[in-house]
Amino acid sequence: MIYVTGDLHGSSQQLFDREERMQLGEGDTLIVAGDFCFLRNDFAEKLILDVLSYKAYTICFVDGNHDSFPAIYKYPVIEDWNGGKVHKIRENIFHLQRGQVFKLEGKKIFTFGGAMSTDRFFREKGVSYWDEEIPSAEEIEEGRRNIAKHNNCVDYIITHTLPSSVKTLMGFPPKETDEDKPFTDFLDEVRVNVSYKKWYAGHFHMNAYANYSDNIKILYEGCDELI
């Protein structure tokens, strides 16, 4: 079975809570909708990843704005893992790259991590936030190409943040800048042009439907099965 959950922020307790609640076991896959944060280029990273490598289930994640991109990018890239590109962290841990369509248990899943940290004034560039948190033009174009290969039709979409139009509907005034507007415009393009069953995101630290009519759901401690 495949499950999706929200931000873990490097908390093994939060991960093990989901493992117990969903009774994750051999053959299962847990997808984290950004801010996985177990990769941080320190000694603790190896310890916790080695522990997680003994889990019987597979752990996948899209990147969020709190993830360390240098820590992720040091791992090898597999060009075709169930149809899309990943960073292989361990035999059972994978970073799902942006703009990919994966086929898991017969389900097509489009992934696109990334989000702009709106609290950059509290952070230090290269230490607590990185330029790579905002998707590049090349990643956006790759997402368009891969979606087109599947006739703009997938089963699920998993991102970290939401389209600007959906944030507006939720009462969150968009704070786009010239830097991240191409990305947020792209997510709105996906919302309008791509057929899907359900869209999941993290980032907002709540468990709620962002928009019922579009079947877009935000997860935090929540965990849904992809059926």
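The structure holds 10 aromatic pairs. The model is a predicted one. One of these pairs joins phenylalanine 69 and tyrosine 73. Their ring centres lie 5.9 Å apart. The ring planes meet at 55 degrees, so the pair is tilted. Both residues belong to helix H3, where they are 4 residues apart. About one helical turn therefore separates phenylalanine 69 from tyrosine 73. In general, an α-helix has 3.6 residues a turn, so residues three or four places apart point the same way. The burial of the two residues was also computed. Phenylalanine 69 has 0% relative accessibility and counts as buried. Tyrosine 73 is partly exposed, with a relative accessible area of 34%.

Tyrosine 196 and tryptophan 199 form an edge-to-face pair. Here the centre-to-centre distance is 5.7 Å, and the angle between the planes is 80 degrees. Buried means under 20% relative accessible area. Tyrosine 196, at 15% relative accessibility, therefore counts as buried. Tryptophan 199 is buried as well, at 0%. Elsewhere, ring pairs link Phe110, Phe112, Phe183 and Phe186 into a cluster.

Helix H2 spans residues 43–52. Its buried residues are Glu45, Ile48, Leu49 and Leu52. Seen down the axis of H2, these residues fall within an arc of 100 degrees, so they line one face of the helix. Several elements cover them. Among these are helix H1 (12–22) and helix H3 (69–73). Strands E3 (58–62), E5 (84–90) and E6 (93–96) also take part in the cover. At the start of H2, a side-chain oxygen of aspartate 42 comes within 3.2 Å of the backbone nitrogen of alanine 44.

The largest nonpolar core has 22 residues. Leu15, Phe36, Phe38, Leu39, Leu49, Phe61 and Ile93 touch the most other members. At least two residues of this core come from each of H1, strand E2 (29–33), H2, E3 and H3. H2 supplies the largest share, 3 residues. In soluble globular proteins, nonpolar side chains tend to be buried together. Leucine 15 illustrates the contacts. Leaving aside residues up to four places away in sequence, leucine 15 touches Leu8, Leu30, Phe38, Leu52, Tyr57 and Ile59. Another core, of 21 residues, lies apart from the largest one. Its members include Val101, Ile147, Leu162 and Trp199. Trp199 is also the tryptophan of the edge-to-face pair with tyrosine 196.

Note on methods:
Residues are numbered from 1 along each chain as its sequence is written. This is a predicted model: local features need pLDDT of at least 70, side-chain atom pairs count only at pLDDT 80 or more; totals for chains, interfaces and linings use all residues. Side-chain values use heavy atoms; hydrogens and water are left out. Buried means under 20% relative accessible area, exposed over 50%, partly exposed in between (1.4 Å probe, protein chains only). The arc is that of the directions from the helix axis to the C-beta atoms. Contact means heavy atoms within 4.5 Å. A polar contact is a pair of N or O atoms within 3.5 Å; within protein, one must be able to donate a hydrogen and the other to accept it, and residues adjacent in sequence count only if both atoms are side-chain atoms. A nonpolar core is a set of buried Ala, Val, Leu, Ile, Met, Phe, Trp, Tyr and Cys residues joined through side-chain atoms within 4.5 Å. Rings of Phe, Tyr and Trp (its six-membered ring) pair if their centres lie within 6.5 Å; planes under 30 degrees apart count as stacked, over 60 as edge-to-face and the rest as tilted.
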